Structure formats: C-alpha cells, structure tokens
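Hello,

Here is the structure I promised to send over. Please have a look at it first, and then read on for what turned up.

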Amino acid sequence: MHELPVALSVNGRDYRDQVEPRVTLADFLRENCGLTGTHLGCEHGACGACTVLLDGQAVRSCLVFAVQVDGQEVTTVEGIAGSDGELSPVQSALKECHGLQCGFCTPGFVTSITALLRDNPSPTDEEIREGLSGNFCRCTGYQGIVNAVHRVCEAGSNDAEPTRRACSNL
Amino acid sequence: MKPAPFAYHRPATVTEAVAMLGEYGEDAKVLAGGQSLVPMLAMRLTHFDNLIDISRIPELNDIALQGNEVRIGAATPHAMVGLDDEVAESVPLLTLATPHIGHFQIRSRGTLGGAIAHADPAAEYAAVALALDATIEATSARGTREIPATEFFTGLWETSLAYDEILTAVRFPVAAGRSGFGIAEFARRHGDFAIAGGVVGIELDEDDRITRCGIGLLGLGSTPLRAAPAEAAVLGTPIGGITADEIGQLAMSGLTDIPSDLQGSASYRARVGAAMVSRAWTQAITHVTEEALHA
C-alpha cells in the first residue's frame, strides 16, 4: 500500500515522515521519531503501556493510526520531565513510593496519571483506582502506584519535593 | 499484532464519505474512534481494503437539543458525551452509562456512533439507545433514513445499516415529566466488557404509576436486548407493586441466546443479569423519588 505523509508535533518538536496507513501512532513514535519511551505491550488496547497525550487527552497510541492524527500534538513520557531532566511530581512520587519495579508499564502510568490529575487534582481513592484501571502492572501489585498518586495530591502539584508521609501512611 | 495493509481515506464531509463508501462498497469500513475496530484489525480478526476515517468530520462531532430530542453526532467521543451539560440534563442515562465504558483513555477516543454501529452485545450506549427508544440516522448517497433503535441490532456485530450507509447521528428523547434512570453491570475488572448488566429508564404519572418502562440488557444475547416481558409486567402498575428482585427475574425470562464462555456460563450470566437489572431498577426508583423531593 502506498505511503502517506504524516506531520506531528511531539513534545514540542516537529516530525515529518511518509508511512503506510497501518503504522500505529505508537510505532511511528518509536520507529520514525526514535522515541522509545512509549512501550508496546499488548498492541490491542488492553495493557495501557503505550498511553500518550494526544492534543492533551490520554489515548492508547496502539489504537490510533499515525495518519489519523496528522497535524496534531503528542506528548510522550519523554516530554513529561523538565527540559533539564528534572522529574515531574508524578515521576518523583512513583520513584519514592516504589511505584515501579521493571519499569515496562511506567510510561503508560506516568502519562495516564498526568492527565488524570490535570483533570481532577484531588481525586478520591476510588477515583484514583478507577483512573488507573486501564493500565496493567505485573510487578508492583499497584499499591505503590496508588500511593504515589495520593502523594502527588497531598504534596500539591507545585511542590517538587513531596513529604515522605504519603507513601508510608497508605 | 500488526494490521494487514489497507488504503486510508479521510473525507472532509459526510457527502464525501458516503460517496467513498458507495464507491468501495463491501471492501470498505468506516473508522471513527477505532477503539474496537483497530484491535480487531491488529488481531487480524477482520480486514478491509479501505478504511474511511470519519473521526475528523466536524458536522459529526456535535451535541444539540432539537425539540424534544438530543441529537448526538456519530463521531462525538464518549468523554464529550459524559461531560456534556445538555446530555446530563436531558438524557441522564447516557451520563450515568459513560463511566462504565472502557477506561478513560478509551473514552478520549471512542465515539458514540462507533459504539452503536459496532453493535457489541455488551455495549452500554447500545443498551441505552434501546431502553430509551432512540432514533438512529443512517446516511448514504441516497439520502438519510431513520432507524428505530429497536430495529437496528440484527446479530452479533451486525446491524440493519446497508453497506453504503454511515451512522451519522443518534437522537435520544428528552427525559419527560417524572422520570428515573439506572445502570448496573458486572465485569471482572472495571472497564472490561460486562459479563452482564442492565439499564433502566422509567416514567411515572402523578399517582406513581409507571407510564413508560425501558429495560436494556448487556451481555445477555448476541445483540444488546430489551427485556420486553419485564417492561410489560410493570406498565400501568404502581412503583411499589413489584420488587426489585422480581423485576430482575422477569428481565431474564424469555432469553434464549445467553452466551456461555470462559468468563461465565449462561446460567451464571442470567443470575448476574437478574441482580444487575434489580440494582439498576432500584437506582431508577431512587432517582425518580429524589427528583420528586427536589421538585
């Protein structure tokens, strides 16, 4: 099948390429943009590892074809930390609350939690669990991840150094 | 897990889209949010030579109150439906149903029209469309026709849409008078396809008699279904005249095609289905009673 042009803004940088229509946004990010932070687990929308922000909305990048989002803006896990490499509050909290072990699922959790807390800065425990239900983690048992979200909320998103308390209390 | 090759088309208008669909015929499939179609393509359960992407056609992404109906464009994402104030006011059952659909990342992209056209037996919006007697608009190069929701679902993932028709909008009646709504479903993990579930919409007269009752069933047949025997049994009776347990049991009567699979046997699904309809019924009754208190 002949290729089509795709132009995307990813983490504020413009990328252009020609791709087959069947190339997913996830594969485009990994193979054409060289941004391998977006991970592919199941490739059919179940695991959530490939979650990215598309025009600000959290989506499964394995369920979107790159040609569909021509001209749109994407934020991947590479675009979440500060330009100097400083971890975002969500990333710091995951690190401090043992919210990751092998790290495979982490990019999907980071992008999902970032979108979740932007739209609902003080979720209840139930809302956090519902919000995380679309992402699989096979290492942590999820508790550290849930604790990390509580910790970000407790610290307030502007506080780069959340207190130790949130992790140990939950 | 990569889809087989296909040609991609992104028409700018519905007129262009239906012309393409007419041209490519059975070799084409409409792509909207892609949250069901893309996994099926990736797993190679299905294949089409041409995908016609309607997700970026502005006229299909719109919610409007028109007389006594709310018209929702087919490509309106679940997330938009769930957050819309007009929908919450006029078709509250859609607002109640939205959080049950997939996960929030799926709802960013999945569309109301796509969910109904895909016609999965466990699709929440399909059950809501049935329970509320919604009207489905189908457009082809020949024009637009209206299909009552009750005549739309014909088999597993099959509908009465012709090969050259696009589902362009769904019109839901505005909740009238004293009405109450509820939804309950059971899934092993929140957001998974429901093993069984029910949606309920009722209207009462001043004497607390049921003047309208729509009960939609999820996961209990090869299509989304309506529980006609249960609806008939309560029509004209006072709300206290039947218990929630009884309505749940009645809703399961006459079901002949309940799926049996690794997730659950048919008899298990029927038990879960009865419990879910019973819960949805209780929610609807509570809802209508609370409205009365606030009136």
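**Chain A: layout**

Going along the sequence, the elements of chain A come in the order β-β-α-β-β-β-α-α-α-α-α. That makes six helices and five strands in chain A. Please keep in mind that this is a predicted model.

On overall shape, the C-alpha atoms of chain A fill a box of roughly 55 × 30 × 25 Å along the principal axes. A compact globule with 170 residues would have a radius of gyration near 15 Å, and the 16 Å of chain A agrees with that. Of the 170 residues in chain A, 48% are buried. If you look at contacts in chain A with a separation of 6 or more, 55% of them are between residues 24 or more positions apart.

Strand 1 (residues 4-10) and strand 2 of chain A run antiparallel and are joined by seven bridges. One pair to find on screen is Ser9(A) with its bridge partner in strand 2, Asp14(A).

How many of the seven residues of strand 2 (residues 13-19) of chain A are buried? The number is zero, so strand 2 lies largely in the open. To count as buried, a residue needs 20 or more other C-beta atoms within 10 Å of its own.

**Chain B**

Chain B has 11 helices and 14 strands. It is divided into domain 1 (7-53), domain 2 (58-173) and domain 3 (178-294). Between the C-alpha centres of domain 1 and domain 3 of chain B there are 35 Å.

The C-alpha trace of chain B spans about 55 × 45 × 30 Å along its principal axes. For 295 residues, a compact globule would have a radius of gyration near 19 Å, and chain B agrees, with 19 Å. Among the 295 residues of chain B, 52% count as buried. As for contacts in chain B with a separation of 6 or more, residues 24 or more positions apart account for 65%.

Glu23(B) sits in helix 1 (residues 14-24) of chain B. Is Glu23(B) buried or partly exposed? Glu23(B) counts as partly exposed because it has 14 C-beta neighbours inside 10 Å. From Glu23(B) to Ala115(B) there are 92 residues in sequence and 24 Å in space, C-alpha to C-alpha.

The other spot is helix 10 (residues 244-252) of chain B, where the buried residues are Ile247(B), Gly248(B), Leu250(B), Ala251(B) and Met252(B). Just after helix 10, Gly254(B) takes a positive phi of about 85°.

**Where the chains meet**

The contact between the chains involves 24 residues from chain A and 24 residues from chain B. On the side of chain A that touches chain B, strand 4 (57-60) and helix 4 (125-132) each supply at least two residues. Strand 4 gives the most, with four residues. By class, this side of chain A has nine nonpolar, 10 polar and five charged residues.

**Confidence**

The predictor gives the complex an ipTM of 0.93 and a pTM of 0.94. In chain B the mean pLDDT is 95, and 99% of its residues reach 70 or more. Where pLDDT is low, the predicted coordinates should not be read in detail.

Best wishes

Notes. Residues are numbered from 1 along each chain as its sequence is written. Chains are lettered from A and ligands numbered from 1 in the order in which they are written. This is a predicted model: local features need pLDDT of at least 70, side-chain atom pairs count only at pLDDT 80 or more; totals for chains, interfaces and linings use all residues. A residue is buried if 20 or more other C-beta atoms lie within 10 Å of its own, exposed if 12 or fewer, and partly exposed in between; C-beta atoms are placed from the backbone. Two strands pair if DSSP finds at least two bridges between them. Two residues are in contact if their C-beta atoms, placed from the backbone, lie within 7 Å. Ala, Val, Leu, Ile, Met, Phe, Trp, Tyr, Cys and Pro count as nonpolar, Asp, Glu, Lys and Arg as charged, and the others, Gly among them, as polar. pLDDT is the predictor's confidence in each residue, from 0 to 100. Domain bounds come from an automatic or database domain assignment. The radius of gyration is taken over C-alpha atoms; the globule rule is 2.2 Å times the number of residues to the power 0.38.
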